[in-house]
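I opened this entry to look up two interfaces, one inside a chain and one between chains. My notes follow in the order of looking.

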There are 2 protein chains.
Amino acid sequence: MNNIEIGHGSGGKLTRDLISSLFLKYLSSSELHSMEDAATINIHSGKTAFTTDSYVIRPLFFPGGDIGKLSVCGTVNDLAVSGAIPEYLSLSFIIEEGFSLNHMEEIVKSIAEEADRSALKIVTGDTKVVERGKCDGIYINTAGIGTIVRTFTVNDVSSGDVVIVTGTIGDHGTAVALARNEFDIETKVESDCASLDSLLTPVFDINGVKWMRDPTRGGAATVLVELSEETNLGIRIVEENIPVREDVQFIADMLGYDPLYLANEGKAIIIASEEAAGSVLEKLHTHPLGEYAVIIGEISSDFQGLRLKTKIGGERPLDMLEEDQLPRIC
Amino acid sequence: MNNIEIGHGSGGKLTRDLISSLFLKYLSSSELHSMEDAATINIHSGKTAFTTDSYVIRPLFFPGGDIGKLSVCGTVNDLAVSGAIPEYLSLSFIIEEGFSLNHMEEIVKSIAEEADRSALKIVTGDTKVVERGKCDGIYINTAGIGTIVRTFTVNDVSSGDVVIVTGTIGDHGTAVALARNEFDIETKVESDCASLDSLLTPVFDINGVKWMRDPTRGGAATVLVELSEETNLGIRIVEENIPVREDVQFIADMLGYDPLYLANEGKAIIIASEEAAGSVLEKLHTHPLGEYAVIIGEISSDFQGLRLKTKIGGERPLDMLEEDQLPRIC
């Protein structure tokens, strides 16, 4: 038996075999091992962050990660940009009948490794199996709980603040697009898929840090358009300061993508006061994931919306896209 | 535009339109309306229950409920049988391109109504869209958080305790099987799909209540086999005391199902001391969902495993099934 069968989702013997032979082999929390309907967890008093995402990325394995790693990083990052320390994760699989158990094991290993990196406990889960053709290999949902140590709000964002990005943009979108094998291009571009908690937590304490967001689906431009709408402030970003890998830019140009709208899975946008910017960058630069952190723009009350100051000197407005350049990127 | 499009999962304009025109219309929590990456929630100090389930039921609409109602009830019930008061819910959709927006609206309305019934706040969510043929209409994941007010453990279960079921078994499995239209049978059987928190919470306080579980996939027999394995105790249930609707039994006989293995979505099994049983039943009988609550068996140290005392007088062992009688029942 090397593939997932319908019975693995039955809640009966086959489900328990899968849980004990595969899931519990890699996922070690006592809460999960107790196999109760609900896990008992301890939460520090105070404010708690709660978030969820379903992951339907295609393909399941791509340079720099896989759907398992992504399903941990994505939820960790949603907690981290909310000023929270990630603590507990739920994990739910929808698996297609016939899916390889070897691939399943690779995915569970990735999940375990990535959760360990953030000392995150996977405490509760679920497995459903659907018939052949009724899903696309595997979909994963995670929900995450964290303790909020710093409250960020768009209300604190004001004119004169700077826009920092923690590294190069568009890597994830480009790597996944190429992994779909629709293009005959060979490159070394890898997804930036990474948990950002260890990068961002040290920045929480810096006075003048106002707001954070991870630019996933829709990319950096979408996050900044949303921010400009929520604050009624203008945001000007400077094209020549925006860090884009040369090969990412080359491929984007060739395929007609704009890196500003390509998904990232290991980057954050941080809004900070001009005074705080130096300390923020200094802190970010000490971390491998923040090596290329840089100021890419500023907040202004002189106009509304997002504007790009282009390399050739002009300025043009950027809006949210109707649709993804690349569906099923996460 | 009357159907879900790929762009509804883009995280861009179409996603926001869907959220504001449909989700926020029915789901009213301020946490959800703030549309942050993670919701900020307040959790009482003490022990917290955390659980998740994905719902892949087929068909999406069935007598007595739909996938939306089920995705709230299922998670509420996992919290309630864990001795917790349900408080917060996350909600994540994976939707197939082309899915009817009218059906989507019906589902969201069901979710809102059922959550209101338990004063449960839906605080965070996610929407992904996959291409035609890559899912089966819609899959839903919910994760739930509740405050534990009573800790139940299998370690408290002991010889002489009684097994109570809160009502008739096999209703959900039968209703869903018939809703698949594979059989030419007309009946009035409806799913028992219901949130059990208001039924079970009043029982938490009764001394001698030791353990609870909701018998969903795998049915009552699977829950009791698991309990016997975890406690190393025997469980004897008495066939003539097990409440099964006449039409459910009739259909089960005809289709070759055993109601003991059919899924329930609005029933709990409660283990209580013999002394407590009267108070438990009295309390359950005051609630519409507990009207038919009854003792169906007892715990014994004289043997191991689950045994059924049959109507014709004999006794036979019951085991867990390898597979579901009916896949995709929840």
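This is a predicted model: local features need pLDDT of at least 70, side-chain atom pairs count only at pLDDT 80 or more; totals for chains, interfaces and linings use all residues.

Residues are numbered from 1 along each chain as its sequence is written, chains are lettered from A and ligands numbered from 1 in the order in which they are written, and side-chain values use heavy atoms, with hydrogens and water left out.

**Domains**

I took the bounds from the domain assignment, which gives domain 1 (6–148) and domain 2 (154–318) of chain A; such bounds come from an automatic or database assignment. The area buried between domain 1 and domain 2 of chain A is about 1,700 Å², with 60% from carbon and sulfur atoms. Buried area here is the accessible area (1.4 Å probe) that two parts lose on being put together, summed over both. On the domain 1 side of chain A, Pro63(A), Asn77(A) and Val81(A) lose the most area to domain 2, together 31% of what that side buries.

I also counted contacts (heavy atoms within 4.5 Å): 21 residues of domain 1 of chain A meet 23 residues of domain 2 of chain A.

**Chains**

I laid chain A on chain B and got an RMSD of 0.0 Å, with a turn of 180 degrees and a shift of 0.0 Å along the axis. That is the relation of a two-fold axis. The superposition is by least squares on the C-alpha atoms of residues with pLDDT of at least 70 in both copies. Cys135(A) is the residue of chain A that comes closest to the rotation axis, at 2.2 Å (C-alpha).

Which surfaces do the copies use to meet? I see that 100% of the interface residues of chain A are also interface residues in chain B, so the copies meet through the same surface. In contact are 75 residues of chain A and 76 residues of chain B. The area buried between chain A and chain B is about 6,100 Å², and carbon and sulfur atoms give 49% of that.

I counted 18 salt bridges between chain A and chain B. I looked up Arg217(A), which forms a salt bridge with Asp126(B), with the closest N and O atoms 3.1 Å apart.

Notes: A salt bridge is a side-chain nitrogen of Lys or Arg within 4 Å of a carboxyl oxygen of Asp or Glu.
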